[in-house]
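Me: I'm new to this one. Could you walk me through its aromatic rings?

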Amino acid sequence: MFNTDQIEKFKTFSTPFYYYDLDLLKKTLETLKASCDKYGFMVHYAVKANANKKILSIISSYGFGADCVSGNEVKRAVECGFDAQKIVFAGVGKSDKEILSALKLGIFCFNSESLQELEVINSLAEKENKIAQVALRLNPGIDAHTNKKINTGLSDSKFGIDFNKLEEIIAFVQGLKNLKLIGLHFHIGSQILDLEPYKLLCERSNELQKKLSNLGLNLEVINLGGGLGIDYYKPEKNSVPDFEKLFDLVHSNLNVKDFQKVHFEFGRSIVGQCGTLVSKVLYTKPGEGVDFAILDAGFTDLIRPALYGAYHKIENITSQALENGVYDVVGPICESTDVFAKARSLKKTKRGDLIAFYSAGAYGEIMVSGYNLRDFPEIYYSEN
Ligand SMILES: *Cc1c(COP(=O)(O)O)cnc(C)c1O
């Protein structure tokens, strides 16, 4: 997927490094923007997928909002050009300090999922002499059919408030004078490729909206969360996710009143394909049936395979070999889980070759750790 010039340049970079294709990021954002405009939907970028400042600044320049899950993400988003009025702040447990700083910055909305937290937001807002806008994150009881570790909409998940308790919660919120309830929020999981769960989510939202109407409530926000998946197997073919297909499905299935706006919170689908992790082969050694390719990148640089058993397309981008070999692609960290792929077919690989992990733009750089006191990976961009 990289041309000869790019690969020659990569040979001069210190490894491991993340490489961001900013043209692809911009193309993705333009596509998304056009689809949003067509349907009148509002998108908040989920900062937790990648909080790289350059990337955030590009995303904010398109006028998108931000979806944050910590006080520091809220601050970073504002620093990188996101309008505070377009920031939503989610998370199962927000600290008093985080709530206070978000209140001071004047964010659009707290997505809250516990009664205790709503009470705390209310009392802090009262102290600040402010009215905090809140949306309730409901657990819709929907199986997103994705990796168990990133499935969030089932009833036994720690996320959200049971949708059966909606009336009770609304009565409670109405008693809190410094809160203004403006909407409902959902997020059913991540890396969702089969769109059927979104259809169920629309149906669930329609039922809940009916209940709200019966209570005489007109809530302007319907936030369907993020979760749209990307193609980890064929990133070269599907480099821009099909936002339009999801929007079309929502447009046809979701009841939206004139005073309402539909919001989304995409992370992976916006930044996933624009990032590649490039690593150097330190050593190869024979194993049982397959050889090991031991890289200078480990799970401290890209943890998704070790954490969720996630798949990345991997290529040897410098090997001139005509034949392939079969390799366990592993990192140098002193943990048995530091394995990127087992029995993967790669061009015959030797010490010094460069190995690319595609689709590493989301939940890659942001999850880098310093375990084993390892250096952090370098960061390069297509424009330099
Ligand atoms: C993680 C998260 C998202 C983004 O998920 P993606 O799968 O990266 O699109 C959106 N909303 C909430 C509340 C989240 O926790």
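**Rings and their neighbours**

Reply: Let's start with a charge. In this predicted model, the charged end of Lys94 sits over the ring of Phe89, 5.6 Å from its centre.

Me: How many aromatic pairs does a search of the whole structure find?
Reply: Two rings pair if their centres lie within 6.5 Å. Searching the whole structure on that basis gives an aromatic pair count of 23.

Me: Is the pair of Phe2 and Tyr19 stacked or edge-to-face?
Reply: The ring centres are 5.6 Å apart and the planes stand at 80 degrees. Angles over 60 degrees get their own label, so this pair is edge-to-face.

Me: How far apart in sequence are the parts that Phe2 and Tyr19 tie together?
Reply: Phe2 lies in the segment before α1 (4-10), while Tyr19 is in strand β1 (residues 17-20). The pair therefore ties together parts whose separation in sequence is 17 residues.

Me: Is Tyr19 buried or exposed?
Reply: Buried means under 20% relative accessible area. Tyr19 has 6%, so Tyr19 is buried.

Me: And which strand does Phe266 lie in, the partner of Phe247?
Reply: Phe247 and Phe266 are stacked, 6.1 Å centre to centre with 25 degrees between the planes. Both are buried. Phe247 lies in helix α9 (residues 243-253), and Phe266 lies in strand β10 (residues 261-266).

Notes: Residues are numbered from 1 along each chain as its sequence is written. This is a predicted model: local features need pLDDT of at least 70, side-chain atom pairs count only at pLDDT 80 or more; totals for chains, interfaces and linings use all residues. Side-chain values use heavy atoms; hydrogens and water are left out. Rings of Phe, Tyr and Trp (its six-membered ring) pair if their centres lie within 6.5 Å; planes under 30 degrees apart count as stacked, over 60 as edge-to-face and the rest as tilted. Helices (H or I, at least four residues) and strands (E, at least two) are DSSP runs, numbered from the N terminus. Buried means under 20% relative accessible area, exposed over 50%, partly exposed in between (1.4 Å probe, protein chains only). A charge sits over a ring if NZ of Lys or CZ of Arg is within 6 Å of the ring centre and within 35 degrees of the ring normal.
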